Amino acid sequence: MIKSVLPLSSIIALRFLGLFLVLPVISVYAMNLEGASTTLIGIVVGGYALTQMIFQVPFGIISDKLGRKGTIVMGLVLFAIGSLVCAISTDIYTLMLGRFLQGAGAIGAVVTAMISDLVKEEQRPKAMAMMGMFIGISFAISMIAGPTLGSAFGVESLFIITMVLALASIFVLLKMVPNPPHITHSYNGKAKLSTVLGNTNLIKMNITNFLQKGLMTFAFMIIPMVLINNYEWQMKELWQVYLPAMIFGFLAMAPAAIIAEKKGKFKEILVIGILLFAVSYLVIGLSSSTTIFVIGVVIFFIGFNMHEPIMQSLATKFAKVHQRGLVLGIFNSCGYLGTFLGGLLGGIFFDGLESLSTIVITITVVCILWAILIITMPNPAKKKMAYLPVSEYNLDNSNNLEIDSIDEWYINNTEGTIAIKYDEQKIDEEAIKNLLK
């Protein structure tokens with residue numbers, strides 16, 4: 001598993017590192033560009049997410065037809081071109097174009113689907129958690145590196161670093177990532193959009209990703225601007241708020257992932273993170289000093305980092321094998337829509353339409369309703385997998401597998417095995433073998 005997942009997790013982490021590097025400083029940087037307004041700055045902050053949202057599903061479809069690797073390379077090239085455009089921009093509109101191009105390389109769902117292809121079912125939670133941990137680590141590094149490098153060498157240098165990271169990811173992909181196996185699933189036809197959209201648990205996960213990413217981008221829009229405008233900080237001082245936030249957020253990641261994955265307490269971890277979001281925004285919005293404001297930011301990062309390692313894993317647990325590409329495409333699209341709207345609303349806020357205290361009280365109410373929604377969602381049941389050699393069993397009897405105690409089955413043509421996901425409380429592996437004899 002490590003050999004397959006580590007390079008893929010590195011690719012997605014390098015890409016997110018490129019995006020995250022500029023998040024702590026881009027709103028302040030964009031203020032000084034020709035034609036800038038706070039609303040346009042908000043679009044710049046979340047602009048990449050708009051095109052990410054638009055291209056997630058098309059990239060997933062392309063990956064099914066042309067292969068995962070080629071699709072990921074195409075996305076990384078687009079991301080690198082967008083980073084270069086951002087680096088040479090001198091006005092707000094060119095920067096906006098670059099951000100849109102960055103987002104057009106929408107490979108998140110493709111990488112996740114490729115991990116699902118390469119990793120066995122029972123190892124997939126660990127693989128998804130590893131990817132989430134890598135994203136969290138890149139997020140933590142960027143909180144320090146972004147303000148530090150941006151103030152020392154200019155924010156333009158961050159976009160150049162982003163371009164180099166994208167090109168390095170292509171090398172890792174081509175040299176270190178194995179080709180995924182060829183899978184034949186047991187379902188007739190393709191995954192139906194209506195079935196996925198009508199799944200109540202997936203609806204709740206999509207809402208969760210939308211709100212989580214929206215609150216993240218909104219936070220990155222307002223945190224540097226409040227510190228600089230209200231508390232008279234300098235860009236080079238921003239690391240002082242992001243460093244403690246990074247440390248405490250990073251420390252929260254592993255326990256949250258272990259409790260969720262090992263103990264099956266996904267729902268509980270999500271609810272705790274949501275409540276921390278509510279508390280953090282209340283502290284940020286009602287703070288009267290820099291110290292209180294920083295405490296609010298730290299609380300937010302703890303909640304965010306508790307969510308991040310388990311989000312993708314939990315979404316895939318509610319999807320069958322033939323639905324994963326579509327499910328993850330919709331899931332990521334919802335997250336990117338939230339990212340875009342979070343930046344846009346942050347820009348509108350700084351146009352003076354609302355006070356910060358009013359905004360945070362509204363966010364708190366939303367978080368309470370969100371937590372109630374998640375409480376109604378069940379934790380996914382633990383299932384077992386059986387891997388049987390195709391050559392030893394009669395596939396003409398595969399109709400016998402269409403029973404309630406078996407969730408799904410598919411054939412791994414590359415490895416020559418039948419993979420069967422079943423409820424061990426209702427049936428055992430020996431009984432499954434007898435069904436195929």
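Me: How much space lies in the largest cavity?
Reply: The count of cavities of 30 Å³ or more comes to 3 in this predicted model. For the largest cavity, the space it holds is about 250 Å³.

Me: Which helix gives the most to the lining of the largest cavity?
Reply: The largest cavity is lined by 20 residues, and those closest to its centre are F16, K213, E308, Q312 and Y336. At least two lining residues come from each of α1 (2-22), α6 (108-118), α7 (124-153), α10 (200-229), α14 (311-317) and α15 (324-353). The helix that gives the most, with 5 residues, is α15.

Me: Is helix α12 roughly parallel or roughly antiparallel to helix α16?
Reply: The axes of α12 (residues 266-286) and α16 (residues 356-375) come within 8 Å and cross at roughly 170°. Because angles over 145 degrees count as roughly antiparallel, α12 and α16 are roughly antiparallel.

Me: How many residues of the contact of α12 with α16 are nonpolar?
Reply: In α12 the contact includes L270, I274, F277 and Y281, while α16 brings residues including V360, I363, W370 and I374. Alongside 3 polar residues and 1 charged residue, the number of nonpolar residues in this contact is 18.

Conventions
Residues numbered from 1 in each chain as written. Predicted model: local features only at pLDDT ≥ 70, side-chain atom pairs only at ≥ 80, totals over all residues. Heavy atoms only, no water. 1 Å grid on protein atoms, 1.4 Å probe; cavity = no way out; pocket = protein on both sides within 12 Å on 5 of 7 lines; lining within 4 Å. Points joined across faces, edges and corners; volume = space filled by probe spheres on them. Helix = DSSP H or I, 4+ residues; strand = E, 2+ residues; numbered from the N terminus. Axes fitted to C-alpha atoms, helices over the stretch in contact; angles between N-to-C directions. Parallel < 35°, antiparallel > 145°, perpendicular 65-115°, else oblique. Contact = heavy atoms within 4.5 Å. Nonpolar A, V, L, I, M, F, W, Y, C, P; charged D, E, K, R; others polar.
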